[in-house]
Amino acid sequence: MNILWIVLALVALQRVVELFYSTRNTRRLLAAGGIETGAVQYPFIVLLHAAWLASMAVLIPPATLPNWWLIGLYAALQPLRVWTIATLGPYWTTRIISVPGAPLVREGPYRFLRHPNYVVVCAEIALLPLAFGAVEIAIVFSILNASLLSWRIRVEERTLRTHRRSPPPFSS
């Protein structure tokens, strides 16, 4: 097996594990009275990530050797991804779910960045194809991702503003 396939398999495995964790959290949040917003965006986001991985699998010659510095930089992003997921814990999901009365998270990477997971994803979408010399894939998917994220962040920010205006959980 070549390096490209190993890297793509590891990234795909990571995404699948995250989707299982997200699905479990989503079910729990919805059962606790959570409200999903932006559901129409979700299939586009999943399609974008699947197409990103598939485009690299199809368009990058399998024998292409990576730029190990860029692979290292990609790997260096993973602790921030894990920190973000761990900070949100049972509230982390790939969907936008608001639970009335739940506190807004302002610790971990959220002390420094408003949307740390999106920062990681933007960097990953550019870095991985660049690591294998696929500049066009990096550019196309970065533009598509930026378009989707600008839409998603607007919806998420609107949801958070509404969440902040809701009464505290034990108000009288």
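This is a predicted model: local features need pLDDT of at least 70, side-chain atom pairs count only at pLDDT 80 or more; totals for chains, interfaces and linings use all residues.
**The chain as a whole**

Let's start with the overall picture. The chain holds five helices and two strands. Followed along the sequence, these elements come in the order α-β-α-α-β-α-α. The C-alpha trace covers about 65 × 30 × 25 Å along its principal axes.

**How the helices pack**

| Helix pair | Angle between axes | Axis separation |
|---|---|---|
| α2 and α4 | about 15° | 10 Å apart |
| α1 and α3 | roughly 10° | within 14 Å |
| α3 and α4 | roughly 160° | within 9 Å |

Take α3 and α4 to begin with. Their axes cross at roughly 160°, and α3 and α4 are therefore roughly antiparallel to each other. The crossing of α3 past α4 is left-handed. On the α3 side, the contact includes Leu70, Leu73, Leu77, Leu80 and Thr84, while α4 brings residues including Pro116, Val120, Ala123, Leu127 and Ala131. Sorted by class, the contact of α3 with α4 has 14 nonpolar, three polar and two charged residues.

Now turn to α2, which spans residues 42-59, and its meeting with α4, residues 116-131. Which way do these two helices run relative to each other? With an angle of about 15°, α2 and α4 are therefore roughly parallel. Here, too, the crossing is described as left-handed, with α2 passing α4. Leu48, His49, Trp52 and Met56 are the α2 residues involved, and they meet Val121, Glu124, Ile125, Leu128 and Pro129 of α4. Seven of the residues in this contact are nonpolar, one is polar and one is charged.

The remaining pair is α1 with α3. Their axes cross at roughly 10°, which makes α1 roughly parallel to α3. From α1, the residues Ile3, Val7, Val11, Gln14, Arg15, Glu18 and Tyr21 take part, meeting Trp68, Ile71, Tyr74, Gln78, Arg81 and Ile85 of α3. This contact of α1 with α3 counts eight nonpolar, two polar and three charged residues.

**The largest pocket**

How much space lies in the largest pocket? The volume comes to about 1100 Å³. It is lined by 46 residues, and the closest to its centre are Thr93, Arg95, Tyr118, Arg152 and Glu156. Elements that give two or more residues to this lining are α1 (3-31), α2, α3 (68-88), β2 (96-98), α4 and α5 (135-165). Which of them gives the largest share? That is α5, with eight residues. By class, the lining divides into 28 nonpolar, ten polar and eight charged residues.

How values were computed. Residues are numbered from 1 along each chain as its sequence is written. Side-chain values use heavy atoms; hydrogens and water are left out. Axes are lines fitted to C-alpha atoms, for helices over the stretch in contact, and angles run from 0 to 180 degrees between N-to-C directions. Helices (H or I, at least four residues) and strands (E, at least two) are DSSP runs, numbered from the N terminus. Angles under 35 degrees count as roughly parallel, over 145 as roughly antiparallel, 65 to 115 as roughly perpendicular and the rest as oblique. A crossing is left-handed if the near helix is turned anticlockwise from the far one by less than a right angle, and right-handed if clockwise. Contact means heavy atoms within 4.5 Å. Ala, Val, Leu, Ile, Met, Phe, Trp, Tyr, Cys and Pro count as nonpolar, Asp, Glu, Lys and Arg as charged, and the others, Gly among them, as polar. On a 1 Å grid over the protein atoms alone, a cavity is a set of points where a 1.4 Å probe fits but cannot get out, and a pocket is an open set with protein on both sides within 12 Å along at least five of seven lines; lining residues have an atom within 4 Å of a point. Grid points are joined across faces, edges and corners, and a volume is the space filled by probe spheres set on the points.
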